[in-house]
Amino acid sequence: MNSEHRKIFEKNRSYLKDNVDKDQLKESLINSKLFTSCMLKDIYKGDAELFEELPTRGPKAFYKFLSVLRDAGYLRVAVELENAALNNYVIQLNHEDDTYQLSHDTAGHCLIINNMQFDNLKDRAGSDKDEKGLETFFRRVGYKVVCPRDKPAEEMLSILEEFSLSDFKNQDSCVVVILSHGGNDKNLDAIYGKDGNYILLNEILAMFNKSEDLVGKPKVFFIQACRDQVSKGEKISRTNSYNKSEFADILLLQSTLPYHESYRDPERGAYFCQCLIQVLNDHYCKYDLLTMTHFIEDKMQTVCPIP
């Protein structure tokens, strides 16, 4: 389990003990294979404490336990933990009041990369609806939008790097949207190009973290892609030198949880994108973006199909 998820469990240990009956979790815990049979015996018949043992489990343990809670009927508790994880998408806001002054004539630049057709992966029907809806919204609120489509991994990196080096001096912010297939490579999020090779999300974030023109300005990323295990292709990378702890003023919102698939309707588009588009259009005049992320999450729970 990564350090952020361990901290969430440690912070909420008393809350979990007071609100969750471990006996009601037993069947779901067995099915989840979070613990060996010997460990479960120690938890239920010995001295081991369930909520002290959980942080010692593997990288998928946090989200597996959320599924255990839901299966056992503890939906509210699962949502509380999931919201705590969602808040960690804001890597760092280095302003005292967590707000930004938007004072330029142009809101900023917006890049939407939409990979719909692939050489050796299934095409992403319906993604044109997502691209159109997001492009329309960001143009309407004052962004200059570019929408490259169907790019191989190497060219995606070039486009992203060139965009990160744009002149942002007279811009309030930047927005990056990537619509594609994705996966997980050694606990790092990967995004596929049309050629079936992939790039790492952390490398993308690092590009924008280096931009002097964007220091102290919000950098917003919306990623529509699966996050389960990568199945093919090779990693395309130009650097291994980035430090996530140094990322600043970044809001990252992804379409699904780690190690999960992301769902899309071939006629209407991806569920995440359509919820995002509707929430932005309905609420951008009244609420800040971080607040709207919770609206998006709530809406996703009502419209996204259960696998």
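Colleague: Is E131 buried or exposed?

Modeller: This is a predicted model, and in it E131 has 8% relative accessibility. Buried means under 20%, so E131 counts as buried.

Colleague: Which residue forms a salt bridge with E131?

Modeller: That's R149, with the closest N and O atoms 2.8 Å apart. The pair links distant parts of the chain: E131 is in helix α8, while R149 is in the loop between β3 and α9, 18 residues apart. R149 itself is partly exposed, at 37% relative accessibility.

Colleague: How many salt bridges does the structure hold?

Modeller: There are 10. One of them joins R238 and E161 at 2.7 Å, N to O. R238 lies in the loop between β8 and β9 and E161 in helix α9, so this bridge ties together parts that are 77 residues apart in sequence. R238 is partly exposed at 39%, and E161 is partly exposed at 35%.

Colleague: And what about D265?

Modeller: D265 forms a salt bridge with R268, the closest N and O atoms being 3.3 Å apart. D265 is buried, with a relative accessible area of 15%, whereas R268 counts as exposed at 55%. Elsewhere, salt bridges that share partners join E154, E161 and R238 into one network.

Terms used
Residues are numbered from 1 along each chain as its sequence is written. This is a predicted model: local features need pLDDT of at least 70, side-chain atom pairs count only at pLDDT 80 or more; totals for chains, interfaces and linings use all residues. Side-chain values use heavy atoms; hydrogens and water are left out. A salt bridge is a side-chain nitrogen of Lys or Arg within 4 Å of a carboxyl oxygen of Asp or Glu. Helices (H or I, at least four residues) and strands (E, at least two) are DSSP runs, numbered from the N terminus. Buried means under 20% relative accessible area, exposed over 50%, partly exposed in between (1.4 Å probe, protein chains only).
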